[in-house]
Amino acid sequence: MEPEEAGLSKLAAVMACTALAFFYVAILYAPTVILRLPPPISYKEFMIRRFICAVVSSIVSVVACGLILPIRSREASVLFGVFGIRVDHIWQAVVFPLSLTSLMYAGSLMLKSMLLLNSMKEHAAHGGGISLDCIKNAFRDVIGWIDFVAHDVSAWRNYVVAPVTEELVFRACMIPLLLCRGFRISSVIFLCPTFFSLAHLNHWMKIYSRENYSFFKASMVTGLQLAYTVVFGSYASFLFIRTGHIFSPLVAHIFCNLMGLPVLFAQKKGIVSVAFVAGLVAFACLIFPVTEPGLYNDRTSDCPCWQGYCSWS
């Protein structure tokens, strides 16, 4: 390919990714702006409308990319494999990346464990002890929390709809487009999150208008959110390219949404900072061995994701 043609191909890929990001956000406003539906009567109805729009956006994006990408075969396994939707090596794609991601939250997990232990000590100090009834009550609390999450529309947004649709559009669709148009893997890892962050710019308007923040404060809050999305987006792109599985960044996305920002330190609890640093060091040491493509593909030279893009080169 001539340099000029390569440049045009890369520009076309960037424009396509920009269009996907814009479409993902713009379609959220389709019910009121395009379809002219009446305003939702409740927050739940508002979110359900957005869920439907996000699902439609994801399906359209996958179909459009399937038509654009130079896929060698139209077999279902190959077509889905291009987008990392695979059933082979699925437990590795879930367990290994989830375990790796949890290392970044070693401080958070340590703090939660300490709070739980203190709660148990206080219960024992008041003569409660750890009885069968105590265990049953704890089990009921867990079941109650799961039931609450299952019926809470915000939880569905944070732990189901947003992770699934965003990973499909911003990883499964965009990464093959960029790779097949000649972008280097290292460039894709840092370029793809840029489109991911652009899709979150609408948060600025929400913060500025609804929270009555000043322009500067709204910009600062949004800037921090965008910085976080860029960092996470780079990590999710790394996982997707290394494993060739959509489930790897998906479980990491859900886990990060569940945990929030990692806890770096806690007042009078230095062990939390020690745990965070230890987890960070372990994460840095294990990130390449745990995401070795051979763990997720039988043959990295002829793997079912992008016919060769699974190898780290």
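Before I turn to the packing, a word on the axes: each is a line fitted to C-alpha atoms, for helices over the stretch in contact, and angles run from 0 to 180 degrees between N-to-C directions. Helices (H or I, at least four residues) and strands (E, at least two) are DSSP runs, numbered from the N terminus. This is a predicted model, in which local features need pLDDT of at least 70 and side-chain atom pairs count only at pLDDT 80 or more, while totals for chains, interfaces and linings use all residues. Residues are numbered from 1 along each chain as its sequence is written, and side-chain values use heavy atoms, with hydrogens and water left out.

Let me start with helix H12, residues 247-259, and helix H5, residues 90-103, whose axes come within 8 Å and cross at roughly 40°. That makes H5 oblique to H12, given that angles under 35 degrees count as roughly parallel, over 145 as roughly antiparallel, 65 to 115 as roughly perpendicular and the rest as oblique. The crossing of H5 with H12 is right-handed, that is, the near helix is turned clockwise from the far one by less than a right angle. From H5, residues including Ile90, Val94 and Leu98 take part in the contact, and H12 contributes, among them, Val251 and Phe255, where contact means heavy atoms within 4.5 Å. The residues of this contact divide into 10 nonpolar, 3 polar and no charged; here Ala, Val, Leu, Ile, Met, Phe, Trp, Tyr, Cys and Pro count as nonpolar, Asp, Glu, Lys and Arg as charged, and the others, Gly among them, as polar.

What does H12 meet in H8? Helix H8, residues 153-180, packs with H12 at an angle of about 140°, their axes being 9 Å apart, and the two are therefore oblique to each other. This crossing, too, is right-handed. Among the H8 residues in the contact are Asn158, Tyr159, Glu166 and Glu167, which with others meet a set in H12 that includes His253 and Asn257. The residues of the contact between H8 and H12 divide into 8 nonpolar, 3 polar and 2 charged.

Now to the loop between helix H4 (76-82) and H5, where histidine 89 lies. Its phi is near 55°, a positive value in a residue other than glycine. Histidine 89 is buried, with a relative accessible area of 16%, buried meaning under 20%, exposed over 50% and partly exposed in between, with a 1.4 Å probe and protein chains only.

Finally, the record: an unreviewed UniProt entry lists transmembrane regions that include residues 47-69 and 246-265, although such annotations may be inferred rather than shown by experiment. Residues 47-69 are 96% helix and 0% strand, with end C-alpha atoms 32 Å apart, whereas residues 246-265 are 65% helix and 0% strand, their end C-alpha atoms lying 32 Å apart.
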